[in-house]
Amino acid sequence: MDYIRFGNTGMMVSRLCLGTMTYGVPTERWPWALNEEQSRPFIQKALELGINFFDTADVYSNGMSEEVVGRALRDFASRDEIVLAIKVYNPMGPGPNDRGLSRKHIMSAIDASLKRLGTDYVDLYQIHRWDNNTPIEETMEALHDVVKAGKALYIGASSMYSWQFAKAQYTADLHGWTRFVSMQPHYNLVYREEEREMLPFCADQKIAVIPWSPLARGLLTGGRSKERNETERARTDAFGKTLYSEADFTIADRVTEMAQQRGIPSAQVALAWMLSKPVITAPIIGASKPGHIEDAVGTLSVTLSEEEIRHLEELYQPHPVLGM
C-alpha cells in the first residue's frame with residue numbers, strides 16, 4: 001500500500017479509501033446494502049491490504065453503517081492506526097432539526113455518531129452537502145467547536161460549488177476558526193466538471209481531494225451496458241440513476257477495451273486514470289463482492305501512458321452539474 005499526506009496536514013492516509021455506504025442493513029432506500037455478517041470480511045480485507053482510511057456517514061442505513069463499521073474497526077484494528085471519516089447533513093429523523101448544518105443539529109449529530117461508532121473522536125468530520133438554510137458562520141463556528149472539544153481532528157466538505165467552498169474557507173480565516181482540509185467531490189472519467197473550478201482551487205489551497213463514485217456507480221467496471229444493469233444497486237439506486245446517461249457508456253466501453261488489451265480489470269483502468277491526477281489524494285472505493293478490494297489495490301501498480309490517458313479522455317462531453 002502507498003500512503004500520502006492528507007492535503008496540507010501531517011496526517012498520512014492510504015491511496016485508497018474504503019467507502020462504507022454498502023455496509024449496514026438493507027433499507028427501503030438502500031435495498032442493496034450488506035448486513036453486518038456480510039460486511040465485516042470486506043473491512044478486514046481492506047485492513048489486511050494496508051488501507052487505513054475509512055469513510056462513512058450518519059445517514060447510511062439510518063445509522064447502522066456507523067455501528068457496523070465501528071464494531072469491525074474495533075475488532076480488527078487499533079484506533080490509532082486508522083483514519084475514520086464521517087459526514088453530517090442529511091435527515092436522521094422526521095423532526096425539523098434532525099437535518100442540515102445548524103449548530104443544534106451538528107452538536108447532536110456528532111455525539112450520536114460517536115456513540116454509534118464506539119469511539120471518542122473521528123479523524124475527519126465532513127459536511128455532506130451545503131446547507132442553504134443555515135448561515136455559513138453558524139456552521140463553521142459549530143464545526144470549530146467540535147474540533148476544539150476533541151470530537152474531531154479535522155473537518156472536510158463534500159459536493160458544492162467552488163464559490164461556496166471559498167466562502168466557507170474565507171469565513172473560517174476571518175474568525176480564526178478551523179478550516180476545511182479536504183473536499184469530497186463527484187469526480188470520475190464520465191463526470192469531470194470538477195476540473196473547471198473545484199480541482200484547481202483545491203490544488204492551489206493544498207486541499208485533500210477524495211472523490212466519491214470514482215467508478216461511476218459501477219459504470220466503469222465493465223459489468224454494465226446500455227442493454228443491462230446487472231446489479232441490485234444499479235436497478236434500485238434512484239440517486240445513481242440521476243447521475244449518468246446512455247451517452248456515458250461510450251467512455252465506459254473505451255475503458256473496457258483498454259482493460260482487455262492490458263489484461264486487467266476495467267476498474268483498474270478507471271482508478272489508474274484518477275490516480276494519475278496529482279490533485280487526487282485518495283478515491284473512495286466501494287466493495288460488495290469478493291475481489292473488489294484486491295482489484296482496487298492492484299491499481300497502485302498500474303501506470304497509464306499519456307497517450308492512454310488522452311485516449312480515455314477524448315470522448316468526454318460536458319455535463320450539467322450533478323450530485324449536489
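# Loops, helices and sheet of a predicted model

Reader: Does A216 count as buried or exposed?
Author: The relative accessibility of A216 is 0%. Buried means under 20% relative accessible area and exposed over 50%, with partly exposed in between (1.4 Å probe, protein chains only). A216 therefore counts as buried.

Reader: In this predicted model, at which pLDDT do side-chain atom pairs count?
Author: Residues are numbered from 1 along each chain as its sequence is written, and side-chain values use heavy atoms, with hydrogens and water left out. The model is predicted: totals for chains, interfaces and linings use all residues, local features need pLDDT of at least 70, and side-chain atom pairs count only at pLDDT 80 or more.

Reader: Where is A216 placed, and what is its phi?
Author: A216 is placed in the loop between strand 9 and helix 7; such elements are DSSP runs numbered from the N terminus, helices being H or I of at least four residues and strands E of at least two. Most residues other than glycine have a negative phi. A216 is a residue other than glycine, yet its phi is positive, near 55°.

Reader: Which loop holds S213, and what is its phi?
Author: S213 lies in the loop between strand 9 and helix 7 (232-236). At 10% relative accessibility, S213 counts as buried. Although S213 is not a glycine, its phi is positive, at about 55°.

Reader: What is the order of the strands in the open sheet?
Author: The open sheet has eight strands with parallel pairing; two strands pair if DSSP finds at least two bridges between them. Strand 9 (208-209) and strand 10 (284-285) are the edge strands, each pairing on one side only. The order of the sheet is 9-8-7-6-5-4-3-10.

Reader: Which residue of strand 5 stands opposite F53?
Author: Strand 4 (residues 53-55) runs parallel to strand 5 (residues 83-88), and three bridges pair them. In strand 5, the residue opposite F53 is V83.

Reader: Which residue of strand 8 is the bridge partner of G156?
Author: Strand 7 and strand 8 run parallel and are joined by four bridges. Since five of the five residues of strand 8 are buried, this strand is largely enclosed by the rest of the structure. Its bridge partner for G156 is S182.

Reader: At what angle do helix 4 and helix 5 pack?
Author: I136, E137 and M140 of helix 4 meet K167, A168, T171, A172 and H175 of helix 5, where contact means heavy atoms within 4.5 Å. By class, this contact has four nonpolar, two polar and two charged residues; Ala, Val, Leu, Ile, Met, Phe, Trp, Tyr, Cys and Pro count as nonpolar, Asp, Glu, Lys and Arg as charged, and the others, Gly among them, as polar. The axes, which are lines fitted to C-alpha atoms over the stretch in contact, with angles from 0 to 180 degrees between N-to-C directions, lie 10 Å apart for helix 4 (residues 136-148) and helix 5 (residues 162-175). These two helices pack at an angle of about 65°.

Reader: How is helix 1 placed relative to helix 2?
Author: Helix 1 (residues 36-48) and helix 2 (residues 64-76) have axes 10 Å apart and pack at an angle of about 45°. Angles under 35 degrees count as roughly parallel, over 145 as roughly antiparallel, 65 to 115 as roughly perpendicular and the rest as oblique. Helix 1 is therefore, relative to helix 2, oblique.

Reader: What separates the C-alpha atoms of I82 and V13?
Author: I82 sits in the loop between helix 2 and strand 5. Its contacts, leaving aside neighbours within four places in sequence, are L47, N52, F54, L73, A77 and D123. I82 and V13 are 69 residues apart along the chain, and their C-alpha atoms are separated by 8.5 Å.

Reader: How many residues of helix 10 are buried?
Author: The cover over the buried residues of helix 10 includes helix 9 (249-262), strand 10, helix 11 (292-298) and helix 12 (306-313). Helix 10 is largely enclosed by the rest of the structure, because its buried residues number 10 of the 10.

Reader: At what angle do the axes of helix 9 and helix 10 cross?
Author: V255, T256, M258 and A259 of helix 9 meet S266, V269 and A270 of helix 10. This contact has five nonpolar, two polar and no charged residues. The two axes come within 8 Å and cross at roughly 110°.
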